[in-house]
Amino acid sequence: PKVVYVGGSGQEHAVDGAVGESVMATAVKNGVPGIIGECGGNASCATCHVWVRAEFAELVGEPDDLEQDLLEMAVSEPRDSSRLSCQIPLSPELDGLTVDVPPQQP
Ligand code: FES
């Protein structure tokens, strides 16, 4: 599935990911700027924060309680569309998933 990462000034990075791999790991592997993934995908660093585009919100789903707490406490600009990208595994249905990358990570 393809994932599109959009940076603050509108620059897009479209990359091909593997089913089951996270949106964070896909970004790091492909050198997408702005997604760090310091904790390696354990939902503890919040340096993989993204904003999921509205048209994918339902498909991606809601964060669990632990992730929600981190999003509220640790990211620079939490929004309703905020997710930790390490907690979004790619699936065929998510092909074309588009996320906005925040200008800064915690
Ligand atoms: Fe650390 Fe996602 S990589 S919270």
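Biologist: Where does Gly20 lie?

Modeller: This is a predicted model. In it, Gly20 sits in the loop between E2 and helix H1 (23–29).

Biologist: Which residues is Gly20 in contact with, leaving aside its neighbours within four places in sequence?

Modeller: Pro89 and Leu90. The C-alpha atoms of Gly20 and Pro89 are 5.1 Å apart, yet the two residues are 69 apart in sequence.

Biologist: What share of the contacts in the protein, between residues at least 6 apart in sequence, join residues at least 24 apart?

Modeller: The share is 67%.

Biologist: Now the strands. How many helices and strands are there, and in what pattern?

Modeller: The protein has three helices and five strands. Along the sequence they follow β-β-α-β-α-α-β-β.

Biologist: What is the order of the five strands in the open sheet?

Modeller: The order is E2-E1-E5-E3-E4, and the pairing is mixed.

Biologist: Why do E2 and E4 stand at the edges?

Modeller: Strand E2 (12–16) and E4 each have a single partner strand, so one side of each has no neighbour in the sheet. From one strand to the next, the twist averages 35°.

Biologist: What makes E1 and E2 a pair?

Modeller: Pairing takes at least two bridges between the strands. Strand E1 (residues 2–6) is joined to E2 by five bridges, and the two run antiparallel. Within this pair, Val6 has Glu12 of E2 as its bridge partner.

Biologist: How do you know that E3 pairs with E4 and with E5?

Modeller: Apply the cut-off of at least two bridges again. E3 and strand E4 (residues 82–84) have three bridges, in the antiparallel sense. E3 and strand E5 (residues 97–100) have two, also antiparallel. Val50 is bridged to Arg83 in E4. Val52 is bridged to Val99 in E5.

Biologist: What makes both faces of strand E3 count as covered?

Modeller: A residue is buried if 20 or more other C-beta atoms lie within 10 Å of its own. On one side of E3 (residues 49–52), His49 and Trp51 are buried.

Biologist: Which residues is Val50 in contact with, leaving aside its neighbours within four places in sequence?

Modeller: Val50 is in contact with Val23, Arg83, Ser85, Val99, Asp100 and Val101. Val23, Val50 and Val99 are among the residues that touch the most other members of the largest nonpolar core.

Biologist: Which other residues of that core touch the most members, and which elements supply it?

Modeller: Tyr5, Met24, Ala27 and Ile35 complete that group, in a core of 24 residues. E1, H1, E3 and E5 each supply at least two core residues. H1 gives the most, with four. In soluble globular proteins, nonpolar side chains tend to be buried together.

Biologist: How do you know that the protein agrees with a compact globule?

Modeller: For 106 residues, a compact globule would have a radius of gyration near 13 Å; the protein has 12 Å, so the two agree. Its C-alpha trace spans about 30 × 25 × 25 Å along the principal axes.

Biologist: What percentage of the 106 residues count as buried?

Modeller: Of these residues, 34% count as buried.

Terms used
Residues are numbered from 1 along each chain as its sequence is written. This is a predicted model: local features need pLDDT of at least 70, side-chain atom pairs count only at pLDDT 80 or more; totals for chains, interfaces and linings use all residues. A residue is buried if 20 or more other C-beta atoms lie within 10 Å of its own, exposed if 12 or fewer, and partly exposed in between; C-beta atoms are placed from the backbone. Axes are lines fitted to C-alpha atoms, for helices over the stretch in contact, and angles run from 0 to 180 degrees between N-to-C directions. Two residues are in contact if their C-beta atoms, placed from the backbone, lie within 7 Å. A nonpolar core is a set of buried Ala, Val, Leu, Ile, Met, Phe, Trp, Tyr and Cys residues joined through C-beta atoms within 7 Å. The radius of gyration is taken over C-alpha atoms; the globule rule is 2.2 Å times the number of residues to the power 0.38.
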